Amino acid sequence: MKKVIAVFLTAIVPVLGFSQSIFDKYEDMDNVGSVIINKGLIKLVGSLEVDHGDPDAKDFIEAARGIDGIKVFITEDKGVSADMSTTVRKYLKSSSLEELMRVKDKDTHVKFYIKSGKSDSHVTELLMFVSGLSDRDIGAHGRNLETVLVSLTGDIDLNKISSLTKRMHLPKELDKAGNRE
């Protein structure tokens, strides 16, 4: 009986949202920079009063209210970059994400994946993976980034993504995800 309960709990806990992301392993790596924004901070931002004369601020607050979490991982280490690429491929095989779009510019590859939401303009997950950045002059604080991985979860309105990217200083490539054509 104990084995049955243990198997049941192992199966049900991820469904309840207590499971960790496959990408959480990058949080504590020395060669990875990370920004993790959890629901509590997002909820706090979403409760702020909005200047009704500023449509961008209103869009930002509305978009923030629907987000459960944001995770951004960056690395300049080629080994970690290769591991991130493998982890993303593994995650894509086991999840129901579909490719939304990809952009290639020289050796840089930008790929967007989504999990459909309640309507065509809403998704429950948005994943952006950028690789091959080493030859680009985009280094942050003297760093030459190789790979960027961004994961947003919640009820995400793709039409309001640009207000989030501007106000939270997320990679501007996320703006492109709002164009689902």
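Let me start with the overall layout. Remember throughout that the model is predicted. The chain has 181 residues, and 39% of them count as buried. Its secondary structure comes to five helices and six strands. In sequence order, the pattern reads α-β-α-α-β-α-β-β-β-β-α. Now the contacts. Take those with a separation of 6 or more: 63% of them join residues 24 or more positions apart.

On to helix H4. It runs over residues 78-94, which makes 17 residues.

Which residues of H4 are buried? They are Val80, Ser81, Met84, Thr87, Val88, Tyr91 and Leu92. Viewed down the axis of H4, these buried residues fall within an arc of 135 degrees, so they line one face of the helix. The other side of H4 carries exposed residues: Lys78, Lys90, Lys93 and Ser94.

What covers the buried residues of H4? Strands, among them S1 (32-37), S2 (67-75), S4 (108-116), S5 (122-131) and S6 (147-157).

The N-terminal end of H4 has a cap, and the residue is Asp77. One of its side-chain oxygens lies 2.8 Å from the backbone nitrogen of Gly79.

Next, Phe23. This residue sits in the loop between helix H1 (2-12) and strand S1. Buried or exposed? Phe23 has a relative accessible area of 2%, so it is buried. Now set aside its neighbours within four places in sequence. Phe23 is then in contact with Phe73, Thr87, Val88, Tyr91, Leu127 and Leu149. Look back at H4 here. Thr87, Val88 and Tyr91 are among its buried residues. Phe23 also comes within 8.9 Å of Ser151, C-alpha to C-alpha, though 128 residues separate the two in sequence.

Now the strand pairing. Strand S3 covers residues 98-105, and it pairs with S4 in the antiparallel sense. That pairing has seven bridges. In it, Lys104 has His109 of S4 as its bridge partner. S3 and S4 form a hairpin with two residues between the strands. Lys106, in this hairpin, takes a positive phi near 55 degrees.

S4 then pairs with S5, again antiparallel, over eight bridges. Opposite Ser116 stands Val123 of S5. This hairpin has five residues between its strands.

Last topic: salt bridges. How many does a search of the whole structure find? Seven.

Begin with Lys71 and Asp24. Their closest N and O atoms are 2.4 Å apart. Lys71 is in strand S2 and Asp24 is in the loop between H1 and S1, so this pair ties together parts that are 47 residues apart in sequence. Asp24 counts as buried, at 13% relative accessibility.

Next come Asp83 and Lys25, with closest N and O atoms 3.3 Å apart. Asp83 belongs to helix H4 and Lys25 to the loop between H1 and S1, so the pair ties together parts 58 residues apart in sequence. Asp83 counts as partly exposed, at 28% relative accessibility. Lys25 is partly exposed too, with a relative accessible area of 40%.

Then Glu125 and Lys115. Here the closest N and O atoms are 3.9 Å apart. Glu125 lies in strand S5 and Lys115 in strand S4, so the pair ties together parts that are 10 residues apart in sequence. Glu125 is buried, with a relative accessible area of 6%. Lys115 is partly exposed, at 26%.

To recap. H4 has its buried residues on one face, and strands are part of what covers them. Phe23, from the loop between H1 and S1, is in contact with Thr87, Val88 and Tyr91, among others. From the loop between H1 and S1, Asp24 links to Lys71 in S2, and Lys25 links to Asp83 in H4. S4 pairs antiparallel with S3 and with S5. That is the picture. Thank you.

Methods:
Residues numbered from 1 in each chain as written. Predicted model: local features only at pLDDT ≥ 70, side-chain atom pairs only at ≥ 80, totals over all residues. Heavy atoms only, no water. Helix = DSSP H or I, 4+ residues; strand = E, 2+ residues; numbered from the N terminus. Expected span 1.5 Å × (residues − 1). Buried < 20%, exposed > 50% of the residue type's maximum accessible area, 1.4 Å probe, protein only. Arc of directions from axis to C-beta. Contact = heavy atoms within 4.5 Å. Polar contact = N/O pair within 3.5 Å; in protein donor to acceptor, adjacent residues only side chain to side chain. Pairing = 2+ DSSP bridges. Salt bridge = Lys/Arg side-chain N within 4 Å of Asp/Glu carboxyl O.
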